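Please look through the structure below with the following numbered points at hand.

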Amino acid sequence: VQLQASGGGLMQAGGSLRLSCAASGSIFSINAMAWHRQAPGKQRELVASITGGGTTNYADSVKGRFTISRDDSKNTVYLQMNSLKPEDTAVYYCNADLIRRGWSRRTEYWGQGTQVTVSS
């Protein structure tokens, strides 16, 4: 099982970016999916999460600006980031809580990270 994140880049403050994270491999089902970020010198923090039923949760710092969504037909989670600020600069990681085919327990997987840089 692999998670492949994409969509990062360099953007001016006020701009928008859309991150994608596709899970591939022998997957039976995916429960919660989420985006985290880690800025230089800081701990990794949860940005947004979405359950299998579609319930979302956001960090206070991104509420009203970021939107998490998922497409279960593609095993993909998205993060639409609007009104970007320089403080959003970080490496963004996706993760998924899923059950592999032939397994009975849930396992957490992480993507490789994608850099988002917002200039002022």
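1. Asn-75 is found in the loop between β7 and β8, where strands are DSSP runs of E of at least two residues, helices are runs of H or I of at least four residues, and both are numbered from the N terminus. Although Asn-75 is not a glycine, it has a positive phi of about 50 degrees. Its relative accessible area is 25%, so Asn-75 counts as partly exposed, given that buried means under 20% relative accessible area, exposed means over 50% and partly exposed is in between, with a 1.4 Å probe and protein chains only.

2. Ser-83, which lies in the loop between β8 and β9, is likewise a residue other than glycine with a positive phi, in this case near 50 degrees. With a relative accessible area of 40%, Ser-83 is partly exposed.

3. A word on the basis of these points: this is a predicted model, in which local features need pLDDT of at least 70 and side-chain atom pairs count only at pLDDT 80 or more, while totals for chains, interfaces and linings use all residues. Residues are numbered from 1 along each chain as its sequence is written, and side-chain values use heavy atoms, with hydrogens and water left out.

4. As for the chain as a whole, it has zero helices and 11 strands. The C-alpha trace spans about 50 × 25 × 25 Å along its principal axes. For 120 residues a compact globule would have a radius of gyration near 14 Å, and the chain agrees with this at 14 Å; the radius is taken over C-alpha atoms, and the globule rule is 2.2 Å times the number of residues to the power 0.38. Buried residues make up 42% of the 120 residues. Of the contacts between residues at least 6 apart in sequence, 56% join residues at least 24 apart, a contact being heavy atoms within 4.5 Å.

5. Four strands form an open sheet in the order β1-β3-β8-β7, with antiparallel pairing, where two strands pair if DSSP finds at least two bridges between them. The edge strands, each pairing on one side only, are β1 (2-6) and β7 (66-71). From one strand to the next the twist averages 15 degrees, with axes fitted as lines to C-alpha atoms and angles running from 0 to 180 degrees between N-to-C directions.

6. Within that sheet, β3 (residues 17-24) and β8 (residues 76-81) pair in the antiparallel sense over six bridges. Ser-20 is found in β3, and its bridge partner in β8 is Tyr-78. Ser-20 counts as buried because its relative accessibility is 19%. Leaving aside neighbours within four places in sequence, the residues in contact with Ser-20 include Gln-4, Ser-6, Trp-35 and Thr-76.

7. Strand β4 pairs with two other strands considered here: nine bridges join β4 to β9, which run antiparallel, and five bridges join β4 to β5, also antiparallel. Met-33 stands opposite Ala-96 in β9, whereas His-36 has Leu-46 in β5 as its bridge partner. Six residues lie between β4 and β5 in the hairpin that they form, and Gly-41 in the turn has a positive phi of about 80 degrees.

8. A search of the whole structure finds one disulfide, that is, a pair of cysteine sulfur atoms within 2.5 Å. The disulfide joins Cys-21 to Cys-94, with 2.0 Å from S to S. Because Cys-21 lies in β3 and Cys-94 in β9, the pair ties together parts that are 73 residues apart in sequence. The link is right-handed, with 55 degrees about the S-S bond, and both Cys-21 and Cys-94 are buried.

9. The largest nonpolar core has 31 residues, and Trp-35, Val-47, Phe-66 and Tyr-92 are among those with the most contacts inside it; such a core is a set of buried Ala, Val, Leu, Ile, Met, Phe, Trp, Tyr and Cys residues joined through side-chain atoms within 4.5 Å. Strand β9 gives the most to this core, with five residues. Not counting residues up to four places away in sequence, Val-47 touches residues including Trp-35, Tyr-58, Phe-66, Leu-79 and Tyr-92.
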